[in-house]
Amino acid sequence: MAKDQLISVCGAGGFIGGALVADLRSQGYTRIRAVDQKPFDQWYQRFDDVENLVLDLQEKAACYTAAKDVHTLYNLAADMGGMGFIENNKALCMLSVLINTHLCMAARDCGVERFFYASSACVYNGDKQKTFDVPALKEADAYPALPEDGYGWEKLFSERMCRHFREDFGLKARVARYHNVYGPFGTWDGGREKAPAAVCRKVALAKLSGKLEIDIWGTGDQTRSFMYITDCVQGTQMLTNSDFIEPINIGSAEMVSINQLVDIVEEIAGVKLQRSYKLDAPKGVNGRSSDNTLIKEVFNWEPNVRLRDGMEKTYAWIYDEIVKGNKSL
């Protein structure tokens with residue numbers, strides 16, 4: 001696409017959306033519309049040379065404003081967070097279906113050329129994620145459907161919405177199933193943070209306070225793969241601009257346990273902490289990682305930032321945020 005065609009990033013005040021806007025600017029795109037429901041002072045990244053709009057995208061009229069005269073629209077907007085938020089706010093997660101439904105309608109009616117929807121690995125069948133040493137999840141494992149309650153069902157339904165808008169109305173919709181995106185300029189406290197940011201915060205606070213303890217949700221044996229934000233942004237644009245039409249994994253194949261994740265951050269911080277396990281805390285499925293066979297076949301690419309390298313950058317940023325006074329010790 002030409003550098004002067006209008007791109008709309010919905011959810012631009014969030015972690016992934018903000019990183020996407022920053023990357024598009026660095027590539028020289030000159031017309032970017034950034035949309036989020038949060039007040040500007042709560043956006044993780046905001047740029048003065050971008051058309052910044054505060055809109056509630058659950059409202060149909062707001063979606064038409066977001067999509068007007070747009071060539072490419074990225075839907076990264078959702079009411080979501082880490083496992084603690086997802087398990088305790090199922091109705092709020094389900095209401096995000098309004099965002100994608102209204103954005104699909106607006107994209108169709110406004111003649112949007114390309115439409116991207118950010119789905120999640122939470123769509124995958126829970127019966128395939130019961131063991132810690134689980135086989136990596138391939139795209140076909142979403143069916144028969146048994147996704148994460150609430151959030152996962154909303155994502156799977158919205159995937160189908162994109163498919164049928166493509167089939168029935170010709171909307172060029174692309175769908176990515178993200179696996180645990182992490183990195184700087186994202187949520188790291190308040191209850192919506194995900195495991196990498198939560199572990200970085202806990203380790204940093206332990207080091208700064210001198211109280212060398214950490215609580216871990218579950219047994220710590222749960223396994224996940226974590227994808228660094230730059231890989232996420234690259235894969236998202238690659239898919240959006242391609243002719244590939246089926247949902248596809250965008251995630252790292254480097255699976256670790258939560259205990260191993262803590263090991264990595266302890267090493268980065270130069271501390272060793274006494275661990276306390278909260279067995280009654282939300283912990284999600286026992287095992288989940290990304291099978292990248294399809295994305296390698298289609299694009300000859302897969303996320304490749306090593307977890308150790310990405311966590312080092314993430315820890316440094318969160319540590320600095322704490323020191324600056326964004327979190328009392």
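Is M238 buried, partly exposed or exposed? M238 is partly exposed, because its relative accessible area is 22% (buried means under 20%, exposed over 50%, and partly exposed in between, using a 1.4 Å probe and protein chains only). The legends below describe a predicted model, in which local features need pLDDT of at least 70, side-chain atom pairs count only at pLDDT 80 or more, and totals for chains, interfaces and linings use all residues. Residues are numbered from 1 along each chain as its sequence is written, and side-chain values use heavy atoms, with hydrogens and water left out.

**View 1. M238 and its contacts.** Look for M238 in helix α8 (helices are DSSP runs of H or I with at least four residues, numbered from the N terminus). Setting aside neighbours within four places in sequence, M238 is in contact with I295, F299 and W301 (contact means heavy atoms within 4.5 Å). M238 and F299 lie 61 residues apart in sequence, while their C-alpha atoms are 8.3 Å apart in space.

**View 2. Helix α8, residues 229–240.** This helix is mostly covered, with nine of its twelve residues buried. Among them are I229, C232, V233, G235 and L239.

**View 3. Helices α7 and α9 packed together.** Two packed helices are described by the angle between their axes and the distance between the axes. Here α7 (residues 195–209) and α9 (residues 258–269) pack at about 45°, with axes 10 Å apart (axes are lines fitted to C-alpha atoms over the stretch in contact, and angles run from 0 to 180 degrees between N-to-C directions). The two helices are therefore oblique to each other (angles under 35 degrees count as roughly parallel, over 145 as roughly antiparallel, 65 to 115 as roughly perpendicular and the rest as oblique). In α7, the residues that meet α9 include V199 and V203, and their partners in α9 include L261 and V265.

**View 4. Helices α5 and α6 packed together.** Helix α5 (residues 97–110) and helix α6 (residues 151–169) pack at about 15°, with axes 9 Å apart. They are therefore roughly parallel to each other. Among the residues that meet are C104 and M105 in α5, and F157 and M161 in α6.

Technical notes
The expected span of a helix is 1.5 Å times one less than its number of residues.
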